[in-house]
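Biologist: I would like to learn how to read charged pairs and nonpolar cores in a model. Please take me through them on an example.

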Amino acid sequence: MKIGIYCTVCRHELNLALATLHFAESSEYISDIAILITDDKNCAATRLTDKITIYSENFGSGYSRSIQDGGYDQIAARNYLLEKMEETEADWILMHDADDIYALDFYQYVVAVGIDSDAVTCSCYTVTTDLDLCAPANKVQLTGPALLVDPHTRAWKKSLGLRYVKSDGVEKFFSNHSRHCGVIFPEDITLSCTGSLYHFHLHALLNKRHSQKISGFPVLDYTLPENIRQFLENNNELFI
C-alpha cells in the first residue's frame, strides 16, 4: 500500500515546499508527490525525481479578489492535483501545505491502519520560533478514543474519489468563494484517529498573518521529534 502526496503552492513558497517534500520523499511508503505552482504560466509537467512531479498552471492570485477578477481559485487548483493523483499507483492521498511537515512515522501509520480505515485524522502541532510545540487551547478535543490537538483530516483512500467544494456560507463573507473549502466525506466511512506527534505546522516560523495569535497559544508539554528539529535547523535559511 502506497501514499501519494499533493501540494499546491505559489511561486515564492516553492523552495519551502520542495524542502519539506524531499523530507517526505525518503519514506518507502510514499510513491508519488505532485506539486502545483498555482500562479505561474502554464508549462509542461517536470519530473524532478523518481517520485516528485511539478506542474505549473495559472489559477489566479490572492484571496482579496473574486475568481472572476483574477483571484486564486483554490478549489480548481486542488481538484486539478487530485485528478493527477488518481492517475498514480498510490492507494492513499495526503494533502500537504508548503508550511507543513509530517514525521516519517506517520506514513507508516497510514499504511498500517489503511487496511481497515478510509481516512485518517491526526493532531496538528504548531512549531514556535523556539521550536516548542503549541496549539490553541480551544482545539483540544476527544475524538473517539483519541485525545486530539487541533485535529486535521488530511489523508484518505484514493478510491473515495473526493473533490473540493466551497464551504457553506463563504460567499456571505468573502468575494473569493474558494478561500474556505474542503472535501466532503461519506457518512459511513471508517475513520482512524491518532494524537501522536505526526503533523507539524510551520507558519509561525514564516511570520505569517497568524503569527501574533500563535504567540498567545499555550506551549504543550511535548518535544519536537529529533529528526524534525534537525530538518528545521539544517534548513533555517527558509525561515525567519
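This is a predicted model: local features need pLDDT of at least 70, side-chain atom pairs count only at pLDDT 80 or more; totals for chains, interfaces and linings use all residues.

Biologist: Which side chain meets that of Lys-166 in a salt bridge?

Modeller: That of Glu-171, at 2.9 Å from N to O. Glu-171 is partly exposed too, with 36% relative accessibility.

Biologist: How many salt bridges does a search of the whole structure find?

Modeller: The search finds seven. One of the pairs is Arg-11 with Asp-39, with 3.5 Å between the closest N and O atoms. The cut-off is 4 Å, so this pair qualifies.

Biologist: Which parts does the pair of Arg-11 and Asp-39 tie together?

Modeller: Arg-11 sits in the loop between strand 1 (3–9) and helix 1 (14–25), and Asp-39 in strand 3 (residues 39–47), so the bridge ties together parts 28 residues apart in sequence. For accessibility, Arg-11 is partly exposed at 49%, whereas Asp-39 is buried at 15%.

Biologist: Where in the chain are Glu-86 and Arg-163?

Modeller: Glu-86 and Arg-163 form a salt bridge, their closest N and O atoms being 2.9 Å apart. The pair links distant parts of the chain, 77 residues apart. Glu-86 is in the loop between helix 2 (74–85) and strand 5 (92–95), and Arg-163 in the loop between strand 11 (152–157) and strand 12 (164–166). Glu-86 is partly exposed at 32% relative accessibility, and Arg-163 is partly exposed at 28%.

Biologist: Which residues are linked in a network of salt bridges?

Modeller: The network links Arg-78, Asp-97, Asp-100 and Arg-154.

Biologist: Now the nonpolar side. Which residues touch the most other members of the largest nonpolar core?

Modeller: That core has 50 residues, and those with the most contacts to other members are Ile-35, Phe-106, Tyr-107, Val-127, Phe-200 and Leu-232. Helix 1 gives the largest share of this core, eight residues.

Biologist: What is Phe-200 in contact with, leaving aside its neighbours within four places in sequence?

Modeller: The contacts of Phe-200 include Ile-101, Ala-103, Tyr-125, Val-127, Leu-133, Leu-224 and Ile-228. Asp-100, also in contact with Phe-200, is one of the residues in the salt-bridge network.

Biologist: Which residues does the second, separate core include?

Modeller: Among its 20 residues are Tyr-72, Leu-82, Met-95 and Cys-181.

How values were computed:
Residues are numbered from 1 along each chain as its sequence is written. Side-chain values use heavy atoms; hydrogens and water are left out. Helices (H or I, at least four residues) and strands (E, at least two) are DSSP runs, numbered from the N terminus. Buried means under 20% relative accessible area, exposed over 50%, partly exposed in between (1.4 Å probe, protein chains only). A nonpolar core is a set of buried Ala, Val, Leu, Ile, Met, Phe, Trp, Tyr and Cys residues joined through side-chain atoms within 4.5 Å. Contact means heavy atoms within 4.5 Å.
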